[in-house]
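Subject: Structure handover

Hello,

Here is the structure I promised to pass on. Please open it first, then read the notes below.

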Amino acid sequence: MSNRAFRVNFEVTNPTCAECGADIQDSKDVTIVMRAKHLRMLCGTECLSAWAKGAHDHIRAGKSTSKNLLLGMGYQGGIIMRDITDSGVTKLAKQFNLDEPTLRAIMQVESSNAGFDGKGRSKILLEGHHVWRLLKEIGEDPSKLAAAHPESCYAVWKKTAVMPFYKLDQYDRYMAVLNYGATQKRDIVVPRAALINDTNKVTKMPAWEAYKRTSIASCSWGRCQIMGFNYRAAGFKTLYDFKIAMDESEEHQIQAGLTFMQNRTTPDGRTILKCFQEHDWEAAARSYNGTGAVEAYSARLEKAHASFIT
């Protein structure tokens, strides 16, 4: 059975918790689960845990089929992932010793306060200059892809040239790289040091696989817009582990972003996370977002932070 999460939009009249029966009309901390093709709503972590244990005991007793299983929390089956809850934000802020207004400011500025787009897909931004760079790392000629898809592959980032590409459907740009790779009926020997290689050894792979990895690695992902090629610094062993987490939930997206900040240092030796903890907006912006628009980006962070202080 597939272990993939998915998202849906729907409206519910007079919702109650399937575990405790409480009215959850105004609750923000709600989980939607599925059993036997029926949706159920649960209020908070305790009811989710109780429901999961009940589902697991039911399965162990031989009273359930694979269609009734729960997805996530180590079980085989299906949980519909949703946006991060207020309690999830609080948990991550405590875990990384970050004040909550700062974390919310990062979330708002990085991805316009959403980790998934209107179609339920992880929010991404393809950076074509990284596609070019990563293809060169594995001995490919990126000019051929650039000629076929100039919106998805280019040698240099120039604001005036690139900004129109950012307004396109990013998954069309992303898929252009994958689809081009699928037309290359050959193998590619990927050097050990290449960023798309997570095997720690020289690896031969089909061209379609190399181009797929290149496309994933060349995108910024989710609520914190972490570049795919930073998957190790974000706490993942493989590039695909990173992508799966980005597709699962905003909580995973944000945890990956904070882990990345914890593992990367600024020129003065502080971690990026430390800069955020100290509200050094300019240093945080320079190291996290790049040197291109430090003043504007840091001002946005500071303004967003102020808006979340009550």
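Contact means heavy atoms within 4.5 Å. Helices (H or I, at least four residues) and strands (E, at least two) are DSSP runs, numbered from the N terminus.

This is a predicted model: local features need pLDDT of at least 70, side-chain atom pairs count only at pLDDT 80 or more, and totals for chains, interfaces and linings use all residues. Residues are numbered from 1 along each chain as its sequence is written, and side-chain values use heavy atoms, with hydrogens and water left out.

Overall picture

The protein chain has 13 helices and 8 strands. Of its 310 residues, 46% are buried. Buried means under 20% relative accessible area, exposed over 50%, and partly exposed in between (1.4 Å probe, protein chains only). Take the contacts with a separation of 6 or more: 57% of them join residues 24 or more positions apart.

Confidence

pLDDT is the predictor's confidence in each residue, from 0 to 100. Its mean over the protein chain is 81, and 73% of the residues reach 70 or more. Helix H4 (residues 128-137) has the highest confidence, at 98. Strand E3 (residues 79-80) has the lowest, at a mean of 43. The pLDDT is below 50 over residues 1-13, a stretch with 18 contacts in the model beyond near neighbours in sequence. Residues 55-81 are also below 50, with 52 such contacts. Where pLDDT is low, the predicted coordinates should not be read in detail.

H2 and H3

Two packed helices are described by the angle between their axes and the distance between the axes. Axes are lines fitted to C-alpha atoms, for helices over the stretch in contact, and angles run from 0 to 180 degrees between N-to-C directions. The axes of H2 and H3 cross at roughly 110° and come within 9 Å. That makes H2 roughly perpendicular to H3. (Under 35 degrees counts as roughly parallel, over 145 as roughly antiparallel, 65 to 115 as roughly perpendicular and the rest as oblique.)

Which residues meet here? From H2 come Asp 86, Val 89, Thr 90, Leu 92 and Ala 93; from H3 come Glu 100, Leu 103, Arg 104 and Met 107. The contact residues divide into 5 nonpolar, 1 polar and 3 charged. (Ala, Val, Leu, Ile, Met, Phe, Trp, Tyr, Cys and Pro count as nonpolar, Asp, Glu, Lys and Arg as charged, and the others, Gly among them, as polar.)

Asn 97 lies in the loop between H2 (86-95) and H3 (100-111). Asn 97 has a positive phi of about 55° although it is not a glycine. At 61% relative accessibility, Asn 97 counts as exposed.

H12 and H13

Helix H12 (residues 281-289) packs against helix H13 (residues 294-307) at about 120°, with the axes 8 Å apart. That makes H12 oblique to H13. In the contact, H12 residues including Trp 281, Ala 285 and Tyr 288 meet H13 residues including Val 294, Leu 301 and His 305.

His 305, in H13, counts as buried because its relative accessibility is 9%. Beyond its neighbours within four places in sequence, His 305 is in contact with Asp 99, Pro 101, Thr 102, Ala 105, His 279 and Trp 281.

One more loop

Gln 225 sits between strand E7 (219-221) and strand E8 (226-227), in the loop. Its phi is also positive, near 50°. Gln 225 counts as buried, at 15% relative accessibility.

Best wishes
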